[in-house]
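Thanks for making time this morning.

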Amino acid sequence: MNRALKNQIKAAGLWLATFVVMVIMCVPGLWVVLSGFRPNREILAKPPIWIPQDLTLSNFAKIFGFGAEQVAIPVLSYFGNSMVIAITSTLIALSIGMAGGYAFARFRFRFKNSVFLGLMLFRAVPGIALSLPVFMLWSWLGIIDTQLGLIIVYVSLNVPFTIWLIDGFFRQIPISLSEAAQVDGCTRWQAFWKIEFPLARSGVAAAGVFAFLTSWNEFALASQLTRSTDSKTLPVGLMDFTAQFTIDWAGMCAMAVIIIVPALVLTFLVQKHLISGLTFGGVKG
Amino acid sequence: MSLNAFKTMAASAALIPALLAGTAFAAGDYGSFEDYTLRVKLIGGAQYEPLYAEISKWEEATGATVEILSRKNHFELDREIKQDIAAGTLDWCVGSNHTSFAPQYGNIYVDLRDHVSGDVLAGFVPLVLEHSTVNDRLVQLPRHSDVSNLFYIKSLYQDADNQSQFAAEYGYDLAPPETWQQVSDQAKFFANPPDFFGTQFVGKDEAITGRFYEMLVAEGGQLFNDGWEPTFNSEAGVRALTWFVDLYQAGAVPAGVPNYLWDDTGLGFASGTVAMNLDWGGWSAFFNDPENSKVAGDVGLTRAPKGSAGIRTGWSGSHTFSVTETCDNKEAAASFVSFLTDYDRQMVEARKGLLPTRTQVWDDAKAEFRADGNDFLVTVFETYQASMAEDAFTPPLIPEWIEVSNVLWPQLQAAMIGDKSAKEALDEAAADARIVMEDAGYL
Amino acid sequence: MIETARGRAVGPAPPLRRRGPDLIRYIRTHQTRLTPVLLLAPAILTMLFVVAMPLAFSLWTSLTPYRLTRPETIETFIGLRNYIRLFQDEDFWAAFGRTILFLAIALNVEFLLGLCIALLINKITWGQRMLRTIMMFPMMFSPILVGFQFKFIFNDNIGILNNALQSLGITDQAIAWLVDGRLAMFSIIFAEVWMSTSVFAILLLAGLFAMPRDPIEAARVDGCNPWQVFRHITLPFLMPFAFIAMTIRSLDVARAYDIVAVMTDGGPAGRTELLWTMIARTGYENARMGQANAMAYISTILSIAFTYYFFTKLVAARRYMGGAE
């Protein structure tokens, strides 16, 4: 057997091993996805039914209210709210984070380290400690149960980490590039958009994915600050499947699939940027 | 209740519109509120939703529009209402309520006797209206009631081997239990862990507090004495708690019960792995539905057994509707809650197996089931009607009930899993409960 | 005007002394000094608005007997009574200790597992993008969903885990995962680890990608075995990434609340009671917001301490790396 072939077999074996490890890691999640396509009596059977015998879309049909057996869950408005809230708050957090990150990377000012650390520590305040005070403040401002109310909260959840990543990224880019552009007649603003920003794109993408996932999946604060279809997000909508005495687990799993798929697609699309973004973002400098 | 249970129930209720078309619906009955928008917060969940499909009829009759601000499960709704009180945002009119939760909310709800006529109120079961009264104010109109009775697997009791073995072992005949002592004996007799269990109970939160509380009453004890001193660490209390501890430690109930809530016990009995199950009436249809339940067709039901004091357990609560004091059109709100609890609406809910609060509906629903040949539901309604009328009692209707429950249930669990003796656990809980009552100004 | 690694002492910048009458001239001459302030203003304002203001409010309520259902109680000042009560409350300190234990175990296990996964994936040359996406799969799950998912998986009677164990003949018992003293804690940590290992894996993988090849090659030539290479070259290089991951995770560990609340809600008998479940119960169910906010303050301090600890570690590791480069 020649050496190249041996290496190939070795590589294939390694790939397979890794794949198996990944799959095992995903089993609890895959079980949820699969359960979305099975009826309750099959998922919760004892003795268990290992091989699905009755794959069905009826859980989804019920969510959307087809068959009119129950009041439909307003999943489209939840989906819309989640999209609007997650995307808007991510974009705002990225802009604020880029400005802040640029300031940390390119300027020297007093209390710089304290300000940086302060921003991080603010993020560490547990959501449960904030839930009531934020609620009171928001109701005073009249933004309870609005998309805006949740967007503001999520922006603040995501700003610190975004600043961190983007700061690290701008440090990577030699300032001489920007200076050269300015010598050539660009303003600092132009130099930023033409030279520095394109180079930092991966970092921005990585920060964006993290921010999006945080906002997309957040439950604790959303469950406090939203009330109706005006602003309820998908994770809060999961609670529609619980009643006082019962939980409709199959329905919840179907809803979970609806939540997971967009996030998974987004993550897959920005994979390439994600790794390189994180590589330079955090540490070097 | 799962969607599947719902499916069959919905199928059986497909006749509703046809039936309703026959009943005279006088448009003037509920007043006229043209162009008014009534803002409401309702309890959500599969078994509560069919009623809301009726709302459009009220809208048609009165010309008003109903805006449902939120539809959540009761614990979430409770939190939301408390936040509304805190932030002063009670800008809605009608809210779902529950007899156990109502005392917490102080005076945010109106006394409905000022807004609903005596004729209407006369149709309700008197005991249930009494349970809906807090500080002499009728703060809620009951929609449907809940109390628990004992479901069991019939064939186990008919089996000749079981009968002879049980009689030999325990010295009396095997029959559906009359006392909790018998439940305990039979549970141990049937148990064969991990495949089969004698019985089960919910094991955390207000659920276990309520189960302990009804057992305490059945043993002749009380939570508090007349001066609001906690007295549940009495001998009766120890006996009540020991009943749970003993079954748990004997392995006659699933090892996971300290983490069980209502869905676990319901699904557990439906899975055919539990011999007896004390549970709410709302589960009846589910248990007897072949789509969802392995024991369908084999379900027996007997009234909740008695404790050593000769009293039957009967922890009860009712789902209700309340009208806020801040409501800008209390007349419309009162009309709406009267509509949701009227005869026709209760029949809609009764057909789904929910227990009505109007005397007339109990009888008419039974007659209807009998005419349909649905003997099981006839038995269910007879059993539950008897216990609602004779056995039902509520927890103390004080705002501190949930708080007392929260100091009590971790101690109940501690005794169950063997961290403490029953007496120690109850003594500690009583000491903590005393502090709660002191803080609240009772002592 | 390039800044070097953060963490090195920043030279004293000239202080903003003159707040002269001629504001415009001042801004012109100090433009570069004001720019960072302007750039940072949105970030700082957001954080002050969403975090600092509510915290000030809750600090006040923690000094009152505030009950949600009796809004007027917010006006009664009782000083430190809520805190004094907490300091005497054994259950509270047990929950405090348990929270630290929970965090310490979860973060370390997540780190180790994440490291293994990252090392595996790093070796893969083909189809890596797909594997990386699979690796991040658990990150798509909302914590509330993770809670329900593991509540069902760990159910003793009809749960999939016990059913699997019994079918495989590993046990004939119905193991009470969510009840047994040790297993209950294990189960909630397991759920937390499942949800968050991916964060470590992805960050450590990024670290491996950034790693220069030369030192490894050199060490191999010098006759180091793979373990030695890993121990003395790869691992030190990865540590800053590990601390970043730790810092990032410690920023939002409290989202584990959603999981625990659904799975056990602190039970049985307080065996899995963490600060967060205790706060939620006291604040909302018991409606004692004043008391709950006092607890929340102590838990905030705990979170900040964790974050601060990892952050200083990170700064130290960076300095070490800065010297090595």
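Let me begin with a definition: helices (H or I, at least four residues) and strands (E, at least two) are DSSP runs, numbered from the N terminus. This is a predicted model, so local features need pLDDT of at least 70 and side-chain atom pairs count only at pLDDT 80 or more, whereas totals for chains, interfaces and linings use all residues. Residues are numbered from 1 along each chain as its sequence is written, and chains are lettered from A and ligands numbered from 1 in the order in which they are written.

With that in place, please look at Val380(B), which sits in helix H18 of chain B, residues 375-390. Is Val380(B) buried or exposed? It has 25 C-beta neighbours inside 10 Å and therefore counts as buried, where buried is 20 or more other C-beta atoms within 10 Å of its own, exposed is 12 or fewer, and partly exposed lies in between, with C-beta atoms placed from the backbone. Once neighbours within four places in sequence are set aside, Val380(B) is in contact with Gly281(B), Ser284(B), Leu301(B) and Gly353(B), a contact being two C-beta atoms, placed from the backbone, within 7 Å. His98(B), by comparison, is 282 residues away from Val380(B) along the chain, and their C-alpha atoms are separated by 23 Å.

Now to chain B as a whole, which has 20 helices and 10 strands. Its radius of gyration is 22 Å, close to the 22 Å that the globule rule gives for 443 residues, so chain B is as compact as a globular protein of that length; the radius is taken over C-alpha atoms, and the rule is 2.2 Å times the number of residues to the power 0.38. The C-alpha trace of chain B spans about 70 × 55 × 30 Å along its principal axes, and 58% of its 443 residues count as buried. If we take the contacts in chain B between residues at least 6 apart in sequence, 75% of them join residues at least 24 apart.

Chain C, in turn, has 13 helices and 0 strands, and buried residues make up 49% of its 325 residues.

Next, helix packing. In chain B, helix H11 (residues 205-218) and helix H12 (residues 235-249) pack at an angle of about 130 degrees, with their axes 8 Å apart; axes are lines fitted to C-alpha atoms, for helices over the stretch in contact, and angles run from 0 to 180 degrees between N-to-C directions. H11(B) and H12(B) are therefore oblique to each other, since angles under 35 degrees count as roughly parallel, over 145 as roughly antiparallel, 65 to 115 as roughly perpendicular and the rest as oblique. Phe212(B), Met215(B) and Leu216(B) of H11(B) meet residues of H12(B) that include Ala240(B) and Trp243(B).

In chain C, helix H6 (residues 143-153) and helix H11 (residues 256-263) pack at about 30 degrees, with axes 7 Å apart, and are therefore roughly parallel to each other.

Finally, the contact between chains B and C takes 32 residues from chain B and 25 residues from chain C. Which helix gives the largest share of the side of chain B that touches chain C? That is H19(B), with 6 residues.
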